[in-house]
Amino acid sequence: MMPIKFAIRSETGHVRKNNEDNFYCNGVLMRTPEKPFFMTGVAESPCVFAVCDGMGGLDYGELASLTAVETLAEYAPKFSQDEYQEVNNYVSVNKRIKQRSNVEEHRECGTTFALVNIVENAFVTYHLGDSRIYRTQNGKLLRITEDHTLAEYKVRMGIMTPQQAEKSEEWHILTKCLGLVDDDDTIFTMPDFNGAYPLTGRILICSDGVTDMLSDAEIEEIIIKAEDSAETVNGLIDLALKKGDYDNATCMVIEKSEF
């Protein structure tokens, strides 16, 4: 089995009173979102990592992201055995979020979802919303995911330029997420491990509290120059906070251990 190093950090930010982000870090998730969280560790392949960014106001975003990672804890251990079936089964979390929000005064809530599943020397990804997944290769930062937002959809359709999209009010209007859409719309496109990404360099999973504050060029400089995953997550979060982070910020960095 291959050892995998990881580091995770989550911060509330300067403006929000509560942290609606959460994560799944090979069995670990966040139970006290009001406190800053930082952790490093080593896992063995196969392993699963994810970041979720909840929405809904008050405590409802926290409820959605917590439900997503709690449910992931049930399904993730089975991903390496029958990934196709288990990821489809995991989508039942969409109904769980709706059910829990209905209990809580019929308040709607939802969450983004960005997951990396590592098996041996390769990894595949799943995502909904605008939490992102990046990887490094040959000293360059490569973005794997496309945001499920109305603005990015218009960019892909040629209606907007990327520059216009960044300034648009539609930048954060999600077209896909868990909990706020019909169940059929949440089904992921199933990747195939024959076409998976090689486990080289570093993998970054982060919420938009990081990517709204930092350009890809700034992220690349930090992730390429950092000594290890811990230095990377601290560098990214520290810079996001320094630039006036108004949102919750969570990032996770994963890499093969050299030991």
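A residue is called buried when its relative accessible area is under 20%, exposed when that value is over 50%, and partly exposed in between. Because isoleucine 159 has a relative accessibility of 54%, this residue counts as exposed. The same terms return throughout the report, which describes a predicted model.

## The chain as a whole

The chain contains eight helices and twelve strands, and of its 259 residues 53% count as buried. The accessible surface comes to about 12000 Å², with 48% of that area belonging to carbon and sulfur atoms. Among the contacts in the chain with a separation of 6 or more, 73% are made by residues 24 or more positions apart.

## The six-stranded sheet

In what order do the strands of the open sheet of six strands follow one another? The order is E3-E1-E12-E11-E8-E9, and the pairing is antiparallel. Strand E3 (37-44) and strand E9 (140-143) are the edge strands, since each pairs on one side only. Direction ignored, neighbouring strands of this sheet are turned by 20° against each other on average. As a general point, strands of a sheet pair through backbone hydrogen bonds, either parallel or antiparallel.

E1 is mostly covered, for eight of its nine residues are buried.

Further along the sheet, strand E11 (residues 202-206) and strand E12 (residues 249-256) pair in the antiparallel sense over five bridges. Cysteine 206 has cysteine 251 in E12 as its bridge partner.

Two helices can be followed against these strands. Helix H7 (residues 216-225) lies across strand E8 (132-137), E9 and E11, and runs at about 125° to E9. Helix H8 (residues 229-242) packs on the sheet, where it touches strand E1 (3-11), E3, E11 and E12, and its direction makes about 20° with that of E1.

## Charged pairs

Side chains of opposite charge can pair when their charged atoms come close. In this model the count comes to twelve salt bridges, and the table sets out three of them.

| Salt bridge | Closest N to O distance |
|---|---|
| Arginine 9 and aspartate 238 | 2.8 Å |
| Glutamate 74 and arginine 96 | 2.8 Å |

In the salt bridge between arginine 9 and aspartate 238, distant parts of the chain are linked, as arginine 9 is in strand E1 and aspartate 238 in helix H8, 229 residues apart. Arginine 9 counts as buried because its relative accessibility is 11%, whereas aspartate 238, with a relative accessible area of 41%, is partly exposed.

Glutamate 74 and arginine 96 also form a salt bridge. Glutamate 74 lies in helix H1 (residues 60-75) and arginine 96 in helix H3 (residues 93-103), so this pair ties together parts that are 22 residues apart in sequence. Glutamate 74 is partly exposed, with a relative accessible area of 42%, and arginine 96 is partly exposed at 27%.

Are the two partners glutamate 255 and arginine 202 buried or exposed? Glutamate 255 is buried, because its relative accessible area is 9%, and arginine 202 is buried at 8%.

Together with Tyr153 and Met157, Ile159 makes a nonpolar surface patch of about 320 Å².

Proline 36 is found in the loop between strand E2 (21-25) and E3, and counts as exposed because its relative accessible area is 59%. Leaving aside its neighbours within four places in sequence, proline 36 is in contact with Ser10 and Glu11. Proline 36 and arginine 9 are 27 residues apart in sequence, while their C-alpha atoms are 7.6 Å apart in space.

Note on methods. Residues are numbered from 1 along each chain as its sequence is written. This is a predicted model: local features need pLDDT of at least 70, side-chain atom pairs count only at pLDDT 80 or more; totals for chains, interfaces and linings use all residues. Side-chain values use heavy atoms; hydrogens and water are left out. Patches are made of residues with over 30% relative accessible area and no salt bridge: like charges are joined within 9 Å, nonpolar side chains (Val, Leu, Ile, Met, Phe, Trp, Tyr) within 5 Å. Accessible areas come from the Shrake-Rupley method with a 1.4 Å probe; for residues, only the protein chains shown count as cover. A salt bridge is a side-chain nitrogen of Lys or Arg within 4 Å of a carboxyl oxygen of Asp or Glu. Buried means under 20% relative accessible area, exposed over 50%, partly exposed in between (1.4 Å probe, protein chains only). Two strands pair if DSSP finds at least two bridges between them. Helices (H or I, at least four residues) and strands (E, at least two) are DSSP runs, numbered from the N terminus. Axes are lines fitted to C-alpha atoms, for helices over the stretch in contact, and angles run from 0 to 180 degrees between N-to-C directions. Contact means heavy atoms within 4.5 Å.
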